[in-house]
Amino acid sequence: MDQKRIPLNLFDNFDLATELRLGLPGSDDQTEKKTSLSGNKRSSSEMESTTCSEENESRFSPPMKEQVVGWPPVRSYRKNILQVKKNDSESGSGMYVKVSMDGAPYLRKVDLKVYTSYEELMKGLQAMFKCNIGLYSEKEGYNGSMHAPTYEDKDGDWMLVGDVPWEMFISSCKRLRIMKSCEARGLGDS
Amino acid sequence: MDPNKKRVDSLFPDEVLERVLSLITTHKDRSSISLVSKSWYNAERWSRRHVFIGNCYSVSPQIVAKRFPNIRSVTIKGKPRFSDFNLVPDDWGADVFPWLSVFATVYPFLEELRLKRMVVSDESLEFLATKFVGFRNLSLMSCDGFSTDGLKAVATHCKNLTELDIQENGIEDLGGHWLSCFPESLTSLEILNFASLNSEVSFDALEKLVSRCKSLRVLKVNRNISLDQLQKLLLHAPQLMELGTGTFMQELVSGPLTELKNAFSNCKNLLTLSGLWDATPLYLPVIYPACARLTFLNLSYATLRSVELANLLAHCKSLRRLWLLDTVGDKGLEAVGSCCPLLEELRVFPADPFDEEMNLGVTEVGFISVSRGCPKLHYTLYFCRQMTNSAVVAVAQNCPDFTHFRLCIMTPGQPDYITKEPMDEGFGAIVKTCTKIQRLAVSGLLTDRTFEYIGKYAKNLETLSVAFAGSSDLGMEYVLGCPKLRKLEIRDCPFGNAALLSGLMKYESMRSLWMSACNVTMNGCRVLAKQRPMLNVEVIKDEESDDSQAHKVYVYRTVAGPRRDAPPFVLTL
């Protein structure tokens, strides 16, 4: 299978025309047609019936998941809720956040939901930026290392990562910035 | 005439018989009673208060009205179940209005209406609210065709309303004003469920409503109700037995957590908890004081991880029913197995059914852990991306009391992912070991062998759902041999006319048969229709499909004859 899979989601407001993917030009038209009809179409019906009539005894070969209407059998109501949740978590604060590091040429993005603690987040950031972030202490901040992680909270203030409980942090963190320790010193002292 | 029979009849005057029979409530028992003798048939029909109509087209409102003169409560189910998954076009039918207009004349004292998969318009709701003076209980599940304006009519006019239960409907949400339409004089509400409505209601109106309805025992609010607001509601209604919360996350406010925890602690009768939208480890602990008493916990809208779930379940030792999202993973299910020995029902829904890169979900490992720790499990709905035969065999052995086994391996036609074999032996073990099995949904790669097992062993099977399975007509022929089969729904299987017609003598003893994207032709359907006039054989035409193929077939027994309200794309043969 060379063609990249296009998830079939009847409630997607995705603009398929601008979506980057492999596939023959114009091949997205089929998917559009399928999604706009209320559940009568199946893409590979032709493929199916020839398979069946030719090889009566052989196993039935099903179409790819994404092209199948009404499968998996999740009710519309639940599907809608999941879509809303997905949109929320993608656009709300505290999930995918931009991370900048002083001196690095471009920004990265991390999904905070993937981590369950500050320790895990630090490990992730250190791996991503190949830097060293020292140990956190309430009194000293991030002493003993080149870098200190900071974040911008919902109010627009820049805070030192680690002061508040993890759950509060992920619900208020809008972006991260890994500062040079010398510049971060001001944040730690108060 | 049999002398014994005469004696019995004279010992039991009709009034006494009716009195006795009025204590019999289940419709199956009443059906049996009505078959005993003519006088019992009459006594039964006069004393029946509740009628259950499993398929709205199997009978007409006039026939129901004629047989049962004293009905106070009606339950009607409409569209075929696969309409939940968009397989039935809009405008297919199942309009409730024809029923209501007959009921208005015959049952002016109707008190209760429970509808599932019916089309309900605002006009119907207004008609209901205004024509039935003593109307008390309205439950709408998976219905469509109405808006919040219809709810306004119900709230405004039903002076004695005790239940308003609106679940998962295709409703046009025009705002939350409907709730403010309950008059100040309404104090009778016992059940209020608006969890699936999206717009915000007036909290002030809701709070007042909750405080004046002292008998309120079920309250399920929607996501717009905050934790602070929930706390206030709980203070007014500590007698609640079932609670659906609103959002379970908010900006940290100083110190309300103990108060919220106390509010939950004061709900001594709480047995069911749902909602919990956006629940995080920060706020979940407030429900801990109520957990020990809970018998049903619905976490299927809370994206919890395994650790959060484990911490929560440690407090829930009385759980009988648990609904989860698969974000909890196998580790979460391990916690279920260790914390909930009394568990009878487990449903695990997929958080990302269409995008497997997001999260793996649960696997055969989790399934086995639950079965080990919960031997009383008898109902499961399990969505997963991988499964093995040996796991299903183990589950069957650990939980031999299954009555409802619905396993959905999400990729169609997927084999046992370790052995690459079909899942025949797994499902075979279920039907062999779990002799009480009543409802079965199969998935994964399945040959005719699965159906052979089902036909041979599933003596109590009533409902079977099949998708992307089977190798030949034999598959369907086998399952039509199940003695108690009532509902058979099939999609995307290689079953053709021979299979369809093998059930010729069977379909009248069933409620319905659905077959879509199979190999049935119009001719096959015509043969069936001709031979069995007591069945409606309906084909839903597809614009694009070949005229000779019957793309969607719905067959059901009926005493009402062919549908008179069928849209142009539904052909009754």
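1. Start with the nonpolar core. The largest one has 178 residues, and those with the most contacts inside it are L206(B), F248(B), F264(B), I287(B), L297(B), F405(B) and I454(B). Helix α9 (residues 203-212) of chain B gives the largest share, 5 residues. By nonpolar core I mean a set of buried Ala, Val, Leu, Ile, Met, Phe, Trp, Tyr and Cys residues joined through side-chain atoms within 4.5 Å. Buried is under 20% relative accessible area, exposed over 50% and partly exposed in between (1.4 Å probe, protein chains only).

2. Keep in mind that this is a predicted model: local features need pLDDT of at least 70, side-chain atom pairs count only at pLDDT 80 or more, and totals for chains, interfaces and linings use all residues. Residues are numbered from 1 along each chain as its sequence is written, chains are lettered from A and ligands numbered from 1 in the order in which they are written, and side-chain values use heavy atoms, with hydrogens and water left out.

3. Back to L206(B): leaving aside residues up to four places away in sequence, L206(B) touches L179(B), L192(B), F194(B), V201(B), V221(B), I225(B) and L233(B). Contact here is heavy atoms within 4.5 Å. A second, separate core of 24 residues includes L112(A), Y118(A), F169(A) and C173(A).

4. Now chain A. Chain A has 6 helices and 5 strands, running α-α-α-β-β-α-β-β-α-β-α from the N terminus. These are DSSP runs numbered from the N terminus: helices are H or I, at least four residues, and strands are E, at least two. Of the 190 residues in chain A, 39% are buried.

5. The sheet in chain A is open and mixed, with its 5 strands in the order β2-β1-β5-β3-β4. At the edges sit β2 (108-111) and β4 (158-160) of chain A, each pairing on one side only. Two strands pair if DSSP finds at least two bridges between them.

6. Look at the parallel pair: strand β1 (residues 96-101) and strand β5 (residues 175-180) of chain A are joined by 4 bridges. S100(A) has R177(A) in β5(A) as its bridge partner.

7. Helix α4 (residues 118-129) of chain A lies across β1, β2, β3 (147-152) and β5 of chain A, at about 155° to β2(A). Axes are lines fitted to C-alpha atoms, for helices over the stretch in contact, with angles from 0 to 180 degrees between N-to-C directions.
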